[in-house]
Amino acid sequence: METFVLNTLHMVVALTLPPLLLGVIGKTKALFAGRVGPPLLQPYWDLIKLFQKGSVFSTTTTWVFKAGPVVALVTGVLALLLVPLGNAHGPVSFTGDLILLAYLFGLSRFFTASAAMDTGSPFEGMGAAREVTYACLAEPAFFLGLLVLAKLSGSLDLAGMLGSHVADNWPKQGASLALVVLSWFIVLLVENCRVPFDDPNTHLELTMIHEVMVLDHSGPAFGMILYGAALKLFAFAALIVHLAVPLATGNPFLDWPVFITGTLAVAVVIGVVESTMARLPLPYIPILLAAACLLSAFGIILLVR
């Protein structure tokens, strides 16, 4: 019975909380700018409004264009079924699920980029090319971080890798874990199109990356893209919270407030980064992504030295 309740709580949090992170980021940025900013729940109202509208599809597009938003949403939901929330196992857990998690993110990116190119617009093709190029450097950093956790825990499933072993290993292998946290935070920023890699609020042709890929989507399709992006952000935030704040009260129900507070804190940090940094010029972005790969790689080297 307890497992059923925890799995239900997992799904409720996973499906309802992600848009709130976007609201917290917006409020943090508004605070730094000396503005009131949009309401904290504005992302929810935006999604509701989009799902009530109709969709417009170009006659040049195929089923790929329509499948892109659906795949982005479904992969986000499946990813959150794998990632442990709180200090409980995810509803879906098996040996090697870390590989499935990484490939779910890759599948979402593939269909989003394919939907952009399906429009036949060179402008959207440019954004898709940039997105895939950045992914070639972000994915190795993510995988190398997973290798560090696998080495420390001796497990190949996310529940074991992100469990009590993390807190136990901080006193002994804190340097490796700190490097992975920093590396994954960089990956979080690039995977979710945040400053300094991209600006989700920009509409300048020379700087748009992710936004340019979804310009032709409208109504419920665009709503699915935004909601899927929020789910992806929440999944990465959950991974970072498990590494940086591995606190456990011993009561799985009391661990949930700690976890939710941690994810909101990650959103605040993202807002601070976006308020204090400018977007990097395109030639410098691969350098920062390569640095993220090196951070995770050094984490492995410290374990096998």
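## Helix α10

Helix α10 covers residues 219-244, and its 26 residues should span 38 Å at 1.5 Å a residue; the end C-alpha atoms lie 37 Å apart, which agrees. The expected span is 1.5 Å times one less than the number of residues, and helices are DSSP runs (H or I, at least four residues) numbered from the N terminus. Because 21 of the 26 residues of α10 are buried, this helix is largely enclosed by the rest of the structure; buried means under 20% relative accessible area with a 1.4 Å probe, protein chains only.

This is a predicted model: local features need pLDDT of at least 70, side-chain atom pairs count only at pLDDT 80 or more, and totals for chains, interfaces and linings use all residues. Residues are numbered from 1 along each chain as its sequence is written, and side-chain values use heavy atoms, without hydrogens or water.

## The nonpolar core

The largest nonpolar core has 71 residues, and Leu101, Phe142, Trp184 and Leu243 have the most contacts inside it. Its largest share, 13 residues, comes from α10. Such a core is a set of buried Ala, Val, Leu, Ile, Met, Phe, Trp, Tyr and Cys residues joined through side-chain atoms within 4.5 Å.

Leaving aside neighbours within four places in sequence, Leu243 is in contact (heavy atoms within 4.5 Å) with residues including Leu149, Trp170 and Trp184.

## The lining of the largest pocket

Which helix supplies the largest share of the lining of the largest pocket? That is α10, with eight residues.

Note on methods. Helices (H or I, at least four residues) and strands (E, at least two) are DSSP runs, numbered from the N terminus. Buried means under 20% relative accessible area, exposed over 50%, partly exposed in between (1.4 Å probe, protein chains only).
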